Amino acid sequence: MTAVLEAAAAPGTGRRAHLRRAAAHVLLGNWAGTATVPSRALYPHQWSWDSAFVAIGLRHLAPRRAQRELETLLGAQWGDGRIPHIVFNPSVPLGAYFPSPDFWRSSGTDRAAGAPSTVETSGIVQPPVHALAAWLVHLADPAESRRRGFLPRVYPGLAAWHRYLASSRDLGGGGLAAVVHPWEPGLDNSPSWDASLARVEPAPRGSFRRADLDHGSPADRPTDLDYARYVRLAATYRDHAYDDARTPHAFAVEDPCFNALLIASEHALAAIARVVGADEEAHRRRAAAATRALLDRLWDPAAGVFLPRDLVTDEPVAGYGVSGLVPLIVPGLPEDVAAALTRTALGPRFGLGRVHLVPSYDLTSREFDGNRYWRGPSWFNMAWLVHRGLVRHGETATAGRLRAQALDAAVRTGFAEYLEPYTGEGRGVRRFSWTAALALDLLQSSGDAYESSGDAYESSGDAYEDGAPGGTPGNVPGSASEGVPGGEGPAR
Ligand code: 9WN
């Protein structure tokens with residue numbers, strides 16, 4: 001199967017083949033033996049939602065490796081069902097990333113939350129894209145999925161993950177999952193968290209050392225004050241043994257993107273349940289109930305966007321974050337809500353079609369900063385989600401333009417982590433895994449304006465089949481040993 005990745009990385013003709021080859025090179029280079037790191041330098045471990053996005057792209061090149069990506073993550077799942085946001089690679093030096101395993105101390109926590117003893121992880125979570133990813137991975141090669149028993153293998157863990165979120169994380173009691181740290185929604189320093197985070201006492205200066213600034217520009221990253229608050233929140237959670245009921249949460253928010261992904265994944269879990277002979281209807285009922293809760297608790301018809309809800313004040317968080325557009329992906333969203341979201345995306349605050357991709361925060365606001373991480377820059381996973389939502393609601397022309405922009409930007413910037421929305425210049429690291437993976441997935445999606453414009457992405461006719469011949473085994477970084485006994489654990 002690695003041969004397929006290598007075939008994709010081998011020379012071909014046309015823009016489509018070029019993108020496929022370049023993206024395959026990124027994913028090969030970032031493969032660390034059992035999973036893909038987001039970036040070799042800045043993020044040298046496995047991240048939860050990154051791996052889900054990676055699997056969604058990897059399925060087009062190497063379905064078995066995509067399955068493996070998700071299985072590795074589930075291998076670090078806690079007894080209470082949580083999927084940790086980072087699974088640490090023991091061969092990476094402690095100082096390479098902060099906070100490191102000695103900060104989280106997961107394997108040393110009391111057994112209440114059931115952290116694994118064989119692998120070190122963080123104790124917080126990230127958005128639940130995993131069941132959606134598992135289902136999409138299955139669809140890419142159902143025969144191989146059946147042969148390996150992929151869905152029966154992942155279903156119990158995914159179901160436990162959703163149960164954890166629906167029970168321990170329903171801190172507001174209204175049927176939505178709460179995040180308890182700004183790293184959990186994955187949009188770390190979004191202005192949407194400013195007011196909630198301002199209540200958090202920063203950890204003392206000098207009590208920790210950031211490793212991210214060794215690789216990233218301070219102007220593109222969160223500030224030191226943000227970090228001091230992130231550290232305080234994580235340390236408090238850790239010191240309460242990651243017990244959601246006992247921890248005095250200074251930060252607790254219902255985030256629209258996190259919950260929209262939970263709902264989309266609950267629908268995917270229903271589809272998986274049907275295949276494995278589990279109770280499909282129970283998942284459909286939970287998805288429907290969570291959709292009602294999302295609309296009741298987070299939809300703001302006057303603003304035309306979903307707003308996070310701060311559970312400490314029990315108030316909505318005003319402002320236009322890209323997270324508020326993501327419910328477009330939710331199956332069965334009322335059409336008037338979808339239409340309003342589309343208008344907001346096309347309007348001045350997000351400027352869809354007039355700026356590069358979808359900015360992470362309101363272009364017209366004082367808080368907007370086009371360079372700094374989640375305070376304005378455009379990210380490829382958000383573009384992928386908004387694209388998916390637009391397609392769902394029949395906005396194919398707008399979706400097609402967004403897709404074309406994303407494909408161009410991914411290649412042009414060397415698969416940048418994010419973009420300055422006005423100039424389209426790459427920011428953050430390059431060779432970023434989910435940028436490569438989601439570009440591959442967008443490349444495969446069809447029926448939109450990109451194809452009908454006659455663009456060369458459609459014309460190279462390169463082979464996609466798993467098992468396609470070609471490649472030079474052994475000389476592509478990270479290419480060794482998929483399916484080779486002993487190389488990545490037991491051959492399956
Ligand atoms: C903290 C890995 C992760 C992404 C997040 C992104 C960033 C980490 C960091 O990188 O967060 O989890 O160190 O800043 O915000 O979405 O999953 O790519």
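A residue is called buried when its relative accessible area is under 20%, exposed when it is over 50%, and partly exposed in between (1.4 Å probe, protein chains only). By this rule, buried residues make up 63% of the 492 residues in the protein chain. The structure is a predicted model, in which local features need pLDDT of at least 70, side-chain atom pairs count only at pLDDT 80 or more, and totals for chains, interfaces and linings use all residues. Residues are numbered from 1 along each chain as its sequence is written, and side-chain values use heavy atoms, with hydrogens and water left out.

**Exercise 1. State how many helices and strands the protein chain has.**

Solution. Helices (H or I, at least four residues) and strands (E, at least two) are DSSP runs, numbered from the N terminus. On this basis the protein chain has 17 helices and 11 strands.

**Exercise 2. Determine how far helix H4 is enclosed by the rest of the structure.**

Solution. Begin with the length: H4 (residues 63-74) has 12 residues and reaches 17 Å from its first C-alpha to its last, close to the 16 Å expected. Next, consider burial: 12 of the 12 residues of H4 are buried, so the helix is largely enclosed by the rest of the structure. Among them are the charged-side-chain residues Arg64, Arg65, Arg68, Glu69 and Glu71.

**Exercise 3. Describe the packing of helices H11 and H12.**

Solution. Two packed helices are described by the angle between their axes and the distance between the axes. Axes are lines fitted to C-alpha atoms, for helices over the stretch in contact, and angles run from 0 to 180 degrees between N-to-C directions. The axes of H11 (residues 256-276) and H12 (residues 280-298) come within 8 Å and cross at roughly 165°. H11 is therefore roughly antiparallel to H12, given that angles under 35 degrees count as roughly parallel, over 145 as roughly antiparallel, 65 to 115 as roughly perpendicular and the rest as oblique. Contact means heavy atoms within 4.5 Å. The residues making it include Ile263 and Leu269 of H11, and Ala287 and Thr291 of H12.

**Exercise 4. Characterise Thr291 by its location, burial and contacts.**

Solution. Thr291 lies in helix H12. Its relative accessibility is 9%, so Thr291 counts as buried. Leaving aside neighbours within four places in sequence, Thr291 is in contact with Ile263 and Val330.

**Exercise 5. Find the arrangement of helices H14 and H16.**

Solution. H14 (residues 380-392) and H16 (residues 433-444) pack at an angle of about 25°, with their axes 9 Å apart. That makes H14 roughly parallel to H16.

Conventions: Expected span 1.5 Å × (residues − 1).
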